[in-house]
Structures are given as structure tokens and as C-alpha cells.
Amino acid sequence: MSWVQRRPEYAVAIVFVSSMFMNILDTTVVNVALPAMAHQFGVRATDAEWVVTGYLMSLAVWIPASGWLGDRFGTKRTLLASIALFTLASVLCGLASNLTFLVLARILQGVGGGLMSPVGTAMLFRAFPPERRANAARVLIIPTVVAPALGPVLGGFLVDTLSWHWVFLVNVPIGLAALAFGAWSLKEHREPSAGRFDLAGFLLAGVGLSLLLYALSTGPVLGWGTPTVVGSAGVGALAAVAFVWNELRVRTPMLKLRLLADRHFRNTNIAAAFGSASFMGLLFLMPIFLQSARGESAFSSGLTTFPEALGVLVSSQLVGKLYPRVGPRRLIAFGLASVSVVTVVIALVGLTADLWVLRGLMFAAGASIAFLFISQQAATFARVSSADTGQASAIFNTQRQVASMLGVALLATLLSVRLGAGGVQPGPQAIEAFRLAFLVSALLALGGVGAGLAIRDEDAASTMRGGRGRAISSEAAQAAMH
């Protein structure tokens with residue numbers, strides 16, 4: 001008997017980490033390469049932004065559908081198809097000779113990326129029993145935290161030494177290796193209760209989320225009063241409301257929103273949303289501040305931001321040991337409160353400090369957010385049945401994507417308003433504008449403390465050593481709604 005047969009959760013972890021590292025790294029690496037793309041294609045910087053916007057809109061369409069697709073066609077088949085599609089699209093992106101072809105390839109890449117994360121997360125939490133969810137959470141930390149921090153460093157290196165094409169081509173060997181290993185080692189899982197495809201829900205979710213994410217990503221650049229932005233936000237909001245109404249009335253919804261009726265699943269998602277908005281906002285602000293206000297190089301900026309990932313990796317070992325004894329409530333509240341304090345220190349004294357001071361503060365921010373990430377990833381699915389894990393994962397990944405975009409859009413808009421038409425110029429005005437933005441990021445983290453304190457440790461008992469907890473099914477969640 002091979003080690004894969006003895007410990008199948010390790011095979012899931014290896015494929016998940018490889019695929020998600022490729023997926024998340026790609027997002028942050030591309031941001032660094034946008035100026036080089038715009039220069040080669042002879043287009044404006046705002047036109048090149050479609051390389052990012054098109055990908056995000058494609059993600060928004062497919063993330064909600066991922067739960068049903070995995071349940072209906074099998075999680076192994078769906079995950080491997082998403083990895084293959086992402087890898088193929090990466091090749092097409094790397095070979096692109098004009099902006100239109102590149103944007104279309106990125107949209108195709110978003111289909112793979114949108115399915116990859118929720119389906120992989122569901123497979124991981126099905127493979128690890130509840131009492132070992134903290135170990136699974138430590139696996140999730142690797143791609144979700146290290147990749148965003150490594151992206152600017154790797155992106156700057158690839159663009160400076162090779163070309164922007166390599167920010168996509170670097171995905172190919174990782175994708176092929178994950179695909180081959182996954183085809184050999186993963187086990188198939190299907191849910192017989194998947195039901196019929198919710199076409200209305202799919203269309204409403206796709207229109208609503210994609211237009212809202214478009215408005216959030218372009219509003220700070222084009223202006224919130226621009227007709228395109230206002231129209232996208234309005235239509236997107238209406239579609240989102242119609243989507244919620246549809247999902248609560250159909251028998252087999254695209255997303256089982258009734259799962260949010262469970263207080264534990266709801267509160268952990270709220271805390272995670274505040275944490276994602278604050279932390280992604282921090283990772284958005286720091287490189288811009290370092291490069292635009294302080295005149296640092298992209299590589300130096302990446303090296304200053306990267307200690308955040310080291311802080312997460314170091315702290316996650318401690319949190320993984322504390323979680324079974326302490327529980328998620330205090331760890332999540334402590335983590336968010338600590339992130340808020342560290343971000344306030346960055347705003348008040350760190351912006352004019354030596355780079356090594358900023359690196360230390362970023363390490364502290366990473367060490368603090370690990371208390372949230374490990375705990376909420378271990379606890380969120382504690383009361384979700386195996387049959388509903390795919391749906392719960394789709395809900396979790398949808399809120400994380402939207403919350404991250406909301407946090408970045410809020411802080412980008414604040415900077416735009418404070419700096420005016422001149423943009424970022426080194427000097428006291430820029431320092432004050434960024435100081436205010438960092439303080440707002442700290443407030444976002446503080447806002448999640450209340451949701452963290454509302455979590456009850458007994459609801460997550462099944463994920464703690466020796467704990468006993470109950471799983472909620474969709475039927476139980478529906479009963480809780482009424």
C-alpha cells in the first residue's frame with residue numbers, strides 16, 4: 001500500500017497547494033507587469049488594466065457555480081479540469097501578441113481560477129477530519145499568504161531580467177506537475193443530491209458579481225461618478241438582490257445561502273470578510289506608498305512587504321498548537337485586534353521610518369493575521385455537513401473575493417480623493433493621505449473583532465481535539481431561517 005493510499009489527505013494537500021499557489025501568485029505577479037505590457041502593446045495604462053479586470057470578472061462568474069459543478073461532475077474531475085484550463089490559458093497569455101488576445105486568454109484563465117479555489121478547498125476539508133482542521137488550515141496558509149507577498153518580488157525579477165511573458169509561462173511547469181500528480185493520486189467524490197443546474201442563479205450571480213467587481217476595480221481609477229461605473233454598480237446591485245431572492249426560493253440553488261442562517265458559519269464568514277478587506281488593503285497600500293511616495297524600486301518594495309509572509313508562517317505554527325485548547329473565538333478576536341494595532345503603528349510612526357522598521361512591522365502584521373486565518377479556516381466548516389461542504393466553500397470564497405475588492409476599492413478611493421488629480425507625489429501631503437488610508441485599514445480589522453467575539457467555541461468543538469460538534473445540513477439551515 002502506497003503512502004497516498006494510507007494518507008490520501010496528503011495527496012489533496014499537495015495538489016491544492018500547488019494549484020492555488022500558481023493561481024494566487026499569478027494575480028499579484030501580473031500587477032507588477034502591467035506597465036511593461038502597456039508599453040509593448042502601445043496602449044494606455046488604463047487599457048492594460050483590463051488584463052486584471054477581465055480576470056476578476058471571470059472569477060466572479062465561476063466561483064458561485066463551483067460548488068454545484070464539483071458535486072455534480074466530481075471534485076477530482078472538476079479540479080483537474082480547472083488546473084488544465086488555467087495552465088492552457090497561461091500558455092496563451094504568454095504567447096499573446098496583442099492586448100485583445102491577452103485579455104481573452106485571461107478571461108479563460110479566470111474560468112480555471114474561479115473553479116480551482118472552492119473545489120480544492122472543499123476537497124481539502126473533506127479529506128481532513130474535523131479534529132485535524134487546524135492542520136488543514138496550516139496547509140491553506142501557504143498559497144493564500146505566501147503567494148501574494150512573493151508576487152511583487154518574483155514579478156519584478158521576471159520583468160526586469162526576462163520579459164512580462166514569463167509571469168504567465170512560469171505557471172506551466174507547476175500546472176503540469178499538479179495535473180499529473182492529481183490524476184494519479186486523488187480520489188473522486190460526487191454528491192448524488194446535487195440536483196438540477198440553477199441557470200437563473202448562475203446568470204444572476206455572473207452578472208451581479210462581475211459588474212460589481214468591475215465597478216469596484218475601476219471606480220477608483222475612472223471616478224465613481226463615471227456613467228460606466230455608476231451603471232455597472234447599479235445593474236450589478238439589482239442582479240445581486242435578484243440572485244439572493246432566487247436562491248432563497250428555489251429547491252436546488254446555485255449557492256445555498258441558507259447555510260448562512262447558522263450563526264457559526266455566518267459569524268466566521270463575517271470575521272473573515274473584515275480580515276480580508278483590511279489585510280488585502282494593507283498589502284495594496286504598502287507597495288504603492290513605498291514606490292510612489294518614497295521612491296523605492298519595485299524589488300525593494302517587494303522585499304519590504306515580504307516579511308508579512310514570514311510572520312504568517314512563523315505564527316501559524318503557534319496558532320495551530322493553541323487552537324485545540326483555546327478555540328477560535330479568542331484567537332480570531334486577538335488576531336484582528338493585533339492587526340489593527342500594528343496597522344495604526346504603521347500609520348503613525350512607520351511611514352517615515354527606516355525600511356527595516358517597516359519590515360519588522362509587516363512581519364508583526366503577518367504574525368497577527370495568522371491568528372485569524374488559521375482559526376477561521378479551521379472553524380468555518382465545523383457545523384457544515386460533508387454534502388454541503390462544496391456549497392459552503394463556494395460561499396466562503398465568494399465573500400473573500402468580494403471583501404478583498406471592497407477593501408482595496410475603499411482605500412484606493414480614499415487615496416484618490418485626498419491626493420487629487422496630481423496623484424502620488426513625494427511630500428507631506430502624500431504622507432498624510434497614506435496615513436489616513438492605513439488608519440481606515442486598521443478600522444476595518446477592528447470591525448471584525450465584534451464578529452470574532454460573537455463566535456462560540458462550543459460550535460467549533462468538533463475541530464478541537466476531543467471535541468464533539470454537530471454538522472448542519474441544508475435542511476437544518478432552512479429550518480433555522482424559519
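In which helix does S368 lie?

Author: In this predicted model, S368 lies in helix α16, which runs over residues 355–379. Its relative accessible area is 8%, and because buried means a value under 20%, S368 counts as buried. If neighbours within four places in sequence are left aside, the residues in contact with S368 are G335, S338, V339 and V342.

The protein chain has 19 helices and zero strands, and buried residues make up 57% of its 482 residues, S368 being one of the buried residues. Among the contacts in the protein chain with a separation of 6 or more, 83% are between residues 24 or more positions apart.

A309 is found in helix α14, residues 307–326, and is buried, with a relative accessible area of 1%. A309 is 55 residues from A364 in sequence, and the C-alpha atoms of A309 and A364 are 9.9 Å apart in space. I431, for its part, belongs to helix α18, residues 428–454, and its relative accessibility of 16% falls under the 20% limit, so I431 too counts as buried. Not counting residues up to four places away in sequence, I431 touches F289, L351 and T352; of these, T352 is 79 residues away along the chain, with a separation of 8.1 Å between the C-alpha atoms of T352 and I431.

The nonpolar interior comes next. In soluble globular proteins, nonpolar side chains tend to be buried together. In this model the largest nonpolar core has 55 residues, and those with the most contacts inside it are M37, V51, L79, L102, W164 and F168. Helix α2, residues 8–41, provides the largest share of this core, namely 17 residues. Another core lies apart from it, with 52 residues, among them L355, L372, A433 and A451.

L102 is placed in helix α6, residues 99–127, and counts as buried at 0% relative accessibility. Its contacts, with neighbours within four places in sequence left aside, are M37, F41, V51, C93, A96, W164 and F168. The C-alpha atom of L102 is also separated by 7.5 Å from that of L92, a residue ten places away along the chain.

Apart from residues up to four places away in sequence, Q40 touches W164 and H165. Q40 and L99 are 59 residues apart in sequence, with 9.5 Å between their C-alpha atoms.

Finally, there is the matter of open space in the model. The second largest pocket holds about 450 Å³ of space, and 19 residues line it, of which L209, L257, T398, Q399 and V402 are the closest to its centre. Helices α10 (199–222), α11 (227–247) and α17 (389–419) each supply at least two residues of that lining. By residue type, the lining of the second largest pocket divides into 16 nonpolar, three polar and no charged residues.

Methods. Residues are numbered from 1 along each chain as its sequence is written. This is a predicted model: local features need pLDDT of at least 70, side-chain atom pairs count only at pLDDT 80 or more; totals for chains, interfaces and linings use all residues. Side-chain values use heavy atoms; hydrogens and water are left out. Helices (H or I, at least four residues) and strands (E, at least two) are DSSP runs, numbered from the N terminus. Buried means under 20% relative accessible area, exposed over 50%, partly exposed in between (1.4 Å probe, protein chains only). Contact means heavy atoms within 4.5 Å. On a 1 Å grid over the protein atoms alone, a cavity is a set of points where a 1.4 Å probe fits but cannot get out, and a pocket is an open set with protein on both sides within 12 Å along at least five of seven lines; lining residues have an atom within 4 Å of a point. Grid points are joined across faces, edges and corners, and a volume is the space filled by probe spheres set on the points. Ala, Val, Leu, Ile, Met, Phe, Trp, Tyr, Cys and Pro count as nonpolar, Asp, Glu, Lys and Arg as charged, and the others, Gly among them, as polar. A nonpolar core is a set of buried Ala, Val, Leu, Ile, Met, Phe, Trp, Tyr and Cys residues joined through side-chain atoms within 4.5 Å.
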